[in-house]
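Q: I would like to learn how to read a protein fold from its strands, helices and contacts. Could we work through one example together?

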Protein chains: 2
Amino acid sequence: MFKIVELENGLENVEGFYCGATNVGMRPDKVQGDVAFIRSNVPCDISSVFTSNTFQAAPIKHFQKYPKDFKTDFVLINAKNANAMTGEKGVEDIDFIMSTLSKKQDVLNPVMSSTGVIGYRLPLEKVTSAFDTLDFNSKNSDDAARAIMTTDSFKKELAYKVELEDGTSFNIAAICKGAGMINPAMATMLCFVITDADIPKTDMDALLLGATEQSFNRISVDGDTSTNDTVMLLANKKSNSYNKEAFASALNKIMFELAMMILRDGEGANKLVSFEVKGAKTLEEARKASMALSNSLLVKTALFGEDPNWGRIASTIGASGIACDDETLTIHYDDLLIYSNEFRELDKAREDQAYTIMKQDAFKVTCDIGLSDSSYTSYGCDLSYEYVKINAEYRT
Amino acid sequence: MFKIVELENGLENVEGFYCGATNVGMRPDKVQGDVAFIRSNVPCDISSVFTSNTFQAAPIKHFQKYPKDFKTDFVLINAKNANAMTGEKGVEDIDFIMSTLSKKQDVLNPVMSSTGVIGYRLPLEKVTSAFDTLDFNSKNSDDAARAIMTTDSFKKELAYKVELEDGTSFNIAAICKGAGMINPAMATMLCFVITDADIPKTDMDALLLGATEQSFNRISVDGDTSTNDTVMLLANKKSNSYNKEAFASALNKIMFELAMMILRDGEGANKLVSFEVKGAKTLEEARKASMALSNSLLVKTALFGEDPNWGRIASTIGASGIACDDETLTIHYDDLLIYSNEFRELDKAREDQAYTIMKQDAFKVTCDIGLSDSSYTSYGCDLSYEYVKINAEYRT
């Protein structure tokens, strides 16, 4: 038995960690920072999950130059420039930034993470000027969470205290950014999780992969994986407290909640919809159909239009290429049966009920393929005029 | 040597074929028909390509009940109702419609094709009332082409005369509908090609597959394949003229031009963009990257915003998972080099040139992966506010 208690604020709840941000002029309006840091006063184990995009950004290449299982005590993050598609020079720029940092502050294997426009080298003078103004002993999670935002409309931070049966406790906290629905080339998903739990490195690696699969990998990013997507977990072990099941539960919870925040903040999105596909022949088929639903433009626009017609749902499942049969398929919106072999045409009463469900901020679509027992749930949002506006005008 | 001459109008150019349409009240505004027919006064060989969607619509299931290599002389087409996801009843409805037809008109193995909303059975009384008003001896391609439209903003018909070296000639004509970019569940792509060429059935099958791969399979339909997509080729052999190379050329041309019309008529689309991926390791990788580009929401919105940043192009190629390397990649907009290892950052002069190119109604994006020699071209369009509006409001 264990208890997960939500705490106020974010990263400052974890012992031994410091964080903050500054504005170096990359974000011209200066209402928030554009360079943030997270550091620990003792070396941390670090686990990470990076984008599957073949063109990995320079910070990811830089990270991978460290030996396997290296320890670190410093993460530098910037917005407005992805340092992606910048070639070997992009990696050398990070070496230069980190060597400048090391003249101001003792750091061990510092790592970097970037988000913003692709194809431009970092403005080195601006970035390194951060080291003159950052207070490395500050604990300002709010500033850090705001500094890493791009088209995000609100900051994303969370912290939990995990109380174990033996009376000990540890903390876990995270900040995250992502402009929601889909925006790989310029609005990468970044997430930094820190903990003082006394967690072994092997557990860190396995649990981070598992939590990523249950959270960020299940939200609609349209196959268009960013060059910069990054999830990092840093553990400084300061608490002398750990339980694998409790930690896994807290890590899954914090990453899932942050993923849902990203969806709720989806560019121009108004609705959060979960797509459960069950009764599929294999897990892979359930996943394929579920992700097809959360990525389908036609489904997304139907959600925006609050159109209860299940035709686009069924057609998308059929188009995903999985084994399915219109005689065994059923579709529910929340608890309302909207399609089955016996109920193909929507009558007025059920159509009215469906409208009521679809007007909610969040609801669930359940598709039972009816062939076997594999299931998968992914999460999507609607596609509005605002999405087109944001993405047509982003760079200018 | 042969010569392909474009003719005026459409299906009426092909000897022995008749066509027309009527409004039976399924399209309430009555500005155009909703039931169309194409018939031949002698039995035709027929070849077809159908959707890969697992949920094939009732007309496709009905078609497949005929023996392999059956002959037909009649195609009935309706708009406003897809007769999809209607179960066995949907197929029985077609049997009923055709038996009613056969009381009015001698027909051999009549086939049907439908487009419209999914999940509702055809209104049998309305559909069969068409047989009281249709003139089966009319040659009105314009009416037929308009009757099969859904969200199409213009009719799509084409006809060619093919003159051979031996002094003989044959005709080929087609009507087609498709609301462009993506609209599987309700705006299926349908295409009916007729010819009086004396073509063997084996050539028909092979050439139709080839022409489909070069045309409709290369336009952006977003993976969301409709339940009803259909391409049919009917040949009544009346001309006693045929040459395989000439016929292939004319068939490829007519289907490619119709596919481009669909794209130009894309819902809310303003630009037609071709995406050539060359220098890929395999044809499959070239195809994968090219289709990823024409399907990417981020690329589509960047086209709409006329944003010359190549970052979304590069990121989408990387996300497609093909072998690629930012050191060997080059990207051109028309003839303008927009990205290479040596030109990563857009300077003002090239950015201005890129704007000029992107303001055109049509342009070409060429991505040379630089690893080997496989290439593939697909065709897409931009994504505008109008698209969202059309698809959010379609059914109501």
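Q: In which sense do strand β4 (residues 71–78) of chain B and β5(B) pair, and over how many bridges?

A: Please note at the outset that this is a predicted model. Strands of a sheet pair through backbone hydrogen bonds, either parallel or antiparallel. Here β4(B) and β5(B) pair in the parallel sense, and 4 bridges join them. Within this pairing, Ile77(B) has Ser113(B) in β5(B) as its bridge partner. The chain passes from β4(B) through helix α2 (residues 87–104) of chain B to β5(B), and this β-α-β crossover is right-handed.

Q: Which way do the residues of β5 (residues 111–114) of chain B point, and are they buried or exposed?

A: Val111(B) and Ser113(B) point one way, whereas Met112(B) and Ser114(B) point the other way. All of these residues are buried.

Q: What does β4 pair with in chain A?

A: Strand β4 (residues 71–78) of chain A pairs with strand β3 (residues 35–50) of chain A in the antiparallel sense, over 7 bridges. In that pairing, Thr72(A) of β4(A) stands opposite Cys44(A). With strand β5 (residues 111–114) of chain A, β4(A) runs parallel, joined by 4 bridges. Ile77(A) stands opposite Ser113(A) in β5(A).

Q: How is chain A divided into domains?

A: Chain A consists of domain 1 (2–264) and domain 2 (272–393). The centres of these domains of chain A, taken over C-alpha atoms, are separated by 33 Å.

Q: What is the strand order of the open sheet of 5 strands in chain B?

A: The order is β12-β11-β13-β10-β14 (chain B), and the pairing is mixed. β12 (336–339) and β14 (374–381) of chain B each have a single partner strand and stand at the edges, so one side of each is left without a neighbour in the sheet. On average, neighbouring strands of this sheet are turned by 20° against each other, direction ignored. Strand β10 (residues 272–280) of chain B runs antiparallel to β14(B), with 7 bridges joining them. One pair of bridge partners there is Val277(B) and Tyr376(B), the latter in β14(B).

Q: Which strands of chain B does helix α9 (residues 311–319) touch where it packs on the sheet?

A: Helix α9 of chain B touches β11 (330–333), β12 and β13 (362–368) of chain B. The direction of the helix makes about 50° with that of β13(B).

Q: Why is Tyr333(B) classed as buried?

A: A residue counts as buried if 20 or more other C-beta atoms lie within 10 Å of its own. Tyr333(B) has 24 other C-beta atoms within 10 Å and is therefore buried. Tyr333(B) lies in strand β11 of chain B. Leaving out residues up to four places away in sequence, Tyr333(B) touches Ile338(B), Ala354(B), Ile357(B), Met358(B), Phe363(B) and Val365(B). The C-alpha atoms of Tyr333(B) and Gln353(B) are separated by 9.4 Å, although these residues are 20 residues apart along the chain.

Q: Which residues have the most contacts inside the largest nonpolar core?

A: They are Cys191(A) and Cys191(B), in a core of 244 residues. Apart from neighbours within four places in sequence, Cys191(B) has contacts that include Ala174(B), Cys176(B) and Phe216(B). Val231(B), Met255(B) and Leu258(B) are also in contact with Cys191(B).

Definitions and conventions: Residues are numbered from 1 along each chain as its sequence is written. Chains are lettered from A and ligands numbered from 1 in the order in which they are written. This is a predicted model: local features need pLDDT of at least 70, side-chain atom pairs count only at pLDDT 80 or more; totals for chains, interfaces and linings use all residues. Domain bounds come from an automatic or database domain assignment. A residue is buried if 20 or more other C-beta atoms lie within 10 Å of its own, exposed if 12 or fewer, and partly exposed in between; C-beta atoms are placed from the backbone. Helices (H or I, at least four residues) and strands (E, at least two) are DSSP runs, numbered from the N terminus. Two strands pair if DSSP finds at least two bridges between them. Axes are lines fitted to C-alpha atoms, for helices over the stretch in contact, and angles run from 0 to 180 degrees between N-to-C directions. Two residues are in contact if their C-beta atoms, placed from the backbone, lie within 7 Å. A nonpolar core is a set of buried Ala, Val, Leu, Ile, Met, Phe, Trp, Tyr and Cys residues joined through C-beta atoms within 7 Å. A crossover is right-handed if, with the strands pointing away from the viewer, the path from the first strand over the helix to the second runs clockwise.
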